[in-house]
Amino acid sequence: QVRLVESGGGLVQAGGSLRLSCAASGGTFPGYTMGWFRQAPGAEREFVTAIRWSDGSTYYADSVKGRFTISRDTGKNMMYLQMNNLKPEDTAVYYCAADRNYRLDYYRARGYDYWGQGTQVTVSS
């Protein structure tokens, strides 16, 4: 069973930066789709970004393009989300997710097989 553990969340002022980490264990990941989603209070879980484990192709929600960067270290089974120029509307619980399949609909949360416990990101104004 794949296990995902997020870390790095916290409280930051608007315009600041945070780096989230996701440690993956319990499996191998060639062909996987890996991603970050977020969920604010009272809202649906929202796609943030995704990466193809095999070749590093990346995809971003329009709301975070130019501010967030997803990356992975295949040797360490680690994934990262660098968040710059944070805004109050970025406040949410951020979740690391993994899909065993190479998917075209990487932006849909319902298809992912594994999820981390989430880490809180709070951006103050």
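Ring pairs link Phe37, Phe47, Tyr59, Tyr95, Tyr106, Tyr107, Tyr112 and Trp115 into a cluster. Rings of Phe, Tyr and Trp (its six-membered ring) pair if their centres lie within 6.5 Å. The model is predicted: local features need pLDDT of at least 70, side-chain atom pairs count only at pLDDT 80 or more, and totals for chains, interfaces and linings use all residues. Residues are numbered from 1 along each chain as its sequence is written, and side-chain values use heavy atoms, with hydrogens and water left out.

**Exercise 1.** Count the aromatic pairs, then classify Phe37 and Phe47.

Step 1. The ring rule gives 10 aromatic pairs.

Step 2. Planes under 30 degrees apart count as stacked, over 60 as edge-to-face and the rest as tilted. The centres of the Phe37 and Phe47 rings are 5.7 Å apart and the planes stand at 70°, so this pair is edge-to-face.

Step 3. Now place the two residues. Strands (E, at least two residues) are DSSP runs, numbered from the N terminus. Phe37 lies in strand E4 and Phe47 in strand E5, so the pair ties together parts 10 residues apart in sequence.

Step 4. Check burial. Buried means under 20% relative accessible area, exposed over 50%, partly exposed in between (1.4 Å probe, protein chains only). Both Phe37 and Phe47 are buried.

**Exercise 2.** Describe the pair of Tyr95 and Trp115.

Step 1. Tyr95 and Trp115 are edge-to-face, with 6.4 Å from centre to centre and 80° between the planes.

Step 2. Tyr95 is in strand E9 and Trp115 in strand E10 (residues 114-115), 20 residues apart.

Step 3. Tyr95 has a relative accessible area of 14%, so Tyr95 is buried. Trp115 has 28%, so Trp115 is partly exposed.

Step 4. Look for a charge over the ring of Tyr95. The rule asks for NZ of Lys or CZ of Arg within 6 Å of the ring centre and within 35 degrees of the ring normal. The charged end of Arg45 sits over this ring, 3.9 Å from its centre.

**Exercise 3.** Which strands pair with E9?

Step 1. Two strands pair if DSSP finds at least two bridges between them.

Step 2. E4 and E9 are antiparallel, with 7 bridges. Here Arg38 stands opposite Tyr94.

Step 3. E9 and E11 run antiparallel, joined by 3 bridges. Val93 stands opposite Gln120 in E11.

Step 4. E9 and E10 also run antiparallel, joined by 2 bridges. Ala97 has Trp115 as its bridge partner.

Step 5. Finish with burial: 7 of the 8 residues of E9 are buried.

Notes: Helices (H or I, at least four residues) and strands (E, at least two) are DSSP runs, numbered from the N terminus.
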